[in-house]
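Let's take a friendly walk through this model, from the whole chain down to one residue. Please have the viewer open as you read.

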Amino acid sequence: MSQTQLIKTFTLTVIIVLSSIVTFAGDVDKAFKYLNTGDYINAIKYLNEAYRDEPENVAANYGLAKYYSLRDNKSFNLDSANSYIIRAANKIPLNPNEKQTKKYLALGVRDYTIETLKRDINRAAYSKCEEENSEDAYQHFINLYTDQGYLDKAINMRNQLAYISARAKNEPEALLVFINKYPKSNEYKEAKELYEKLLYEKITADHSYSSYKNYLDSYPTGAYVKEAHRLYQEKLLDYYNQKHDLDSYNDFLKKYPNHISRPAIEDSIYVIATASGTKESFADFINHYKDNSHIREAWENLYLLYTMDATEDLYRQFMEEFPEYPDRARVAKDMELAHIDLKPYQQGDKWGYAVQPTKDSISIIIPFQYEEAYDFHCGLAAVRLKPCSDRCTYFYIDKTDHRAIIRDFNYAGDFADGYAVAGTGNCEEDSCLYGIINKSGTWVVPPSYDELNDPTEGLYLVSKNERYGFINHSGKIAISIRYSDAVPFSEGVAAVALDSNWFFIDHAGVQLFFDGFHNVSSFHDSLCAATKDGINWGYINKEGIFVIQPLYESAENFENGYAIISKRERDPKYKSLTTSVRYRIDKKGKVIEKLTAPKTEKPTSKKRRKK
């Protein structure tokens, strides 16, 4: 080839390249012009041409993302928009000194606009998920989208919905799928516990010897191995009587009165006969098993349960119903004490107990000797005799000033229905463990909780390792200890939090509705003060709906149909200033009266531990 031909070939190549560059630039310019004017037919035509010529072109990808994200576009498709904006975002940061970048900038395509569009697409896609509110929708978002904040929300909601679905099936297989699929979910621990429970119940549904043996062989490390082993051992007795009931054990004792297992069988009879823990069960046991080694224990439990409120009428009724009770003198003494209405009084820096026979006089019954003394409940009162050193020490006395419980406690709560919250450790510094005792001082629930509130609606709010849940008086977990915060039950509902999101559950731990709140109070008069943003308060019903809109800076609990709220208003004298004004409102949000008196703090009761 001659030099002249080479020059011509090179020149032609340069012209073709320059022509393609010009064509590309023109395509993108036209595309953005049509895109901005809403001419989507021409916009997509030129965007596709530019993209086809150079798939990695930032402007083309940005333009396509914008094209598919515009809601008035018939081709609106967030998934497509997301795929293109990701390609554009992968080129960030753009180099402002490059010639190509300058062209992007001229079209308004820069790092900020790319990130903004990406965020808007993710937000719109997540809103669509919320509208559909299904596991598949959230999983679809997780598979395609990249905004970490929305991803975290989507993952949490997907897990919640998946767990609710698995739990509703009430089958261990469904829960196992959830556990294996979402091992990092917040619901994992509860799902695992429920899975273990359902698995155990399914395998041992017929309560036969072989079913417990099957469970032990198949799941040697299962959560219910101890229980299964105990029941397996008990079922061995079926070799003789084929039933796991009191009649079977009674038959066994009749046939083998000197059998080495007699003490264990008597234990089993006592456990089975009194498993409900009711006074009726102990009375029935006493009536039928007078020779059982647990007869004294049964009488003690029956007496404590029957007279747990320690009233004179209860003691009298007990003796009328159980004249064969072996310690009648004890009942007579307790009846006499129940008639005495002792109240704590202070003289100087010491406390004692007295009765008030008349309005203007008192009679000292227990001398002024205690550092602290609290009201009698169920016939017992918590007192502190010695000054606190590194910790305070309390014990319980009866109305004769005798120690009713030998054990000391570092926190001693009031008795209610025969049980009290007690604690050991430095309870003044919150390094204390709490449990539940009965009137004999026995730990019904061992001291293992960092916090244990007095019961409301039959459940105790507890905390362990900065997680909250609920137990009953026997220590059984009623609602999983997994929440970051919680408040006691009120009107059948408790507020609980996961991280900073508050919501409501019933006594079964089931979430009532899926709206979350920044902060809440408790339900009173069927309404609860709540705030979404942490600033504006209103009142919701038990469906999570604001029946009184969040317009107030503070909102107190309803009581007898009325509540006190406050809101910011312009000062009538100084228009540029605002002041906090308090009103009394009814349950429809109607203002009943304006309050002029300042807010007063309610007096707090004495504490025997810090909270």
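## Contacts and overall form

Of the contacts in the protein chain between residues at least 6 apart in sequence, 36% link residues at least 24 apart; a contact here means heavy atoms within 4.5 Å. This is a predicted model, in which local features need pLDDT of at least 70, side-chain atom pairs count only at pLDDT 80 or more, and totals for chains, interfaces and linings use all residues. Residues are numbered from 1 along each chain as its sequence is written, and side-chain values use heavy atoms, with hydrogens and water left out.

The protein chain holds 19 helices and 25 strands, taken as DSSP runs numbered from the N terminus (helices H or I, at least four residues; strands E, at least two). Its radius of gyration is 37 Å, well over the 25 Å that the globule rule gives for 611 residues, so the chain is more spread out than a compact globule. That radius is taken over C-alpha atoms, and the rule is 2.2 Å times the number of residues to the power 0.38. Along the principal axes, the C-alpha atoms fill a box of roughly 130 × 85 × 45 Å.

Buried residues account for 42% of the 611 residues in the protein chain, where buried means under 20% relative accessible area (1.4 Å probe, protein chains only).

Ile366 sits in strand 3 (residues 361–370) and is buried, with a relative accessible area of 1%. Beyond its neighbours within four places in sequence, Ile366 is in contact with Leu342, Gly352, Tyr353, Ile397, Asp398, Lys399 and Asp401. For one of these, Tyr353, 13 residues apart from Ile366 along the chain, the C-alpha separation is 4.9 Å.

## The largest pocket

The largest pocket contains about 730 Å³ of space. Of its 23 lining residues, Glu193, Leu194, Lys197, Ile477 and Ala478 are the closest to its centre. Helix 8 (148–169), helix 10 (188–203) and strand 14 (477–483) are the elements that give two or more residues to this lining.

On a 1 Å grid over the protein atoms alone, a pocket is an open set of points with protein on both sides within 12 Å along at least five of seven lines, a cavity is a set where a 1.4 Å probe fits but cannot get out, and lining residues have an atom within 4 Å of a point. Grid points are joined across faces, edges and corners, and a volume is the space filled by probe spheres set on the points.

## The largest cavity

The count comes to one cavity of 30 Å³ or more, and the largest cavity has a volume of about 40 Å³. Its lining consists of Asp414, Ala416, Tyr419, Ala420, Val421, Asp454, Pro455 and Tyr460. Strand 8 (residues 419–426) supplies the largest share of that lining, three residues.

Definitions and conventions: Buried < 20%, exposed > 50% of the residue type's maximum accessible area, 1.4 Å probe, protein only.
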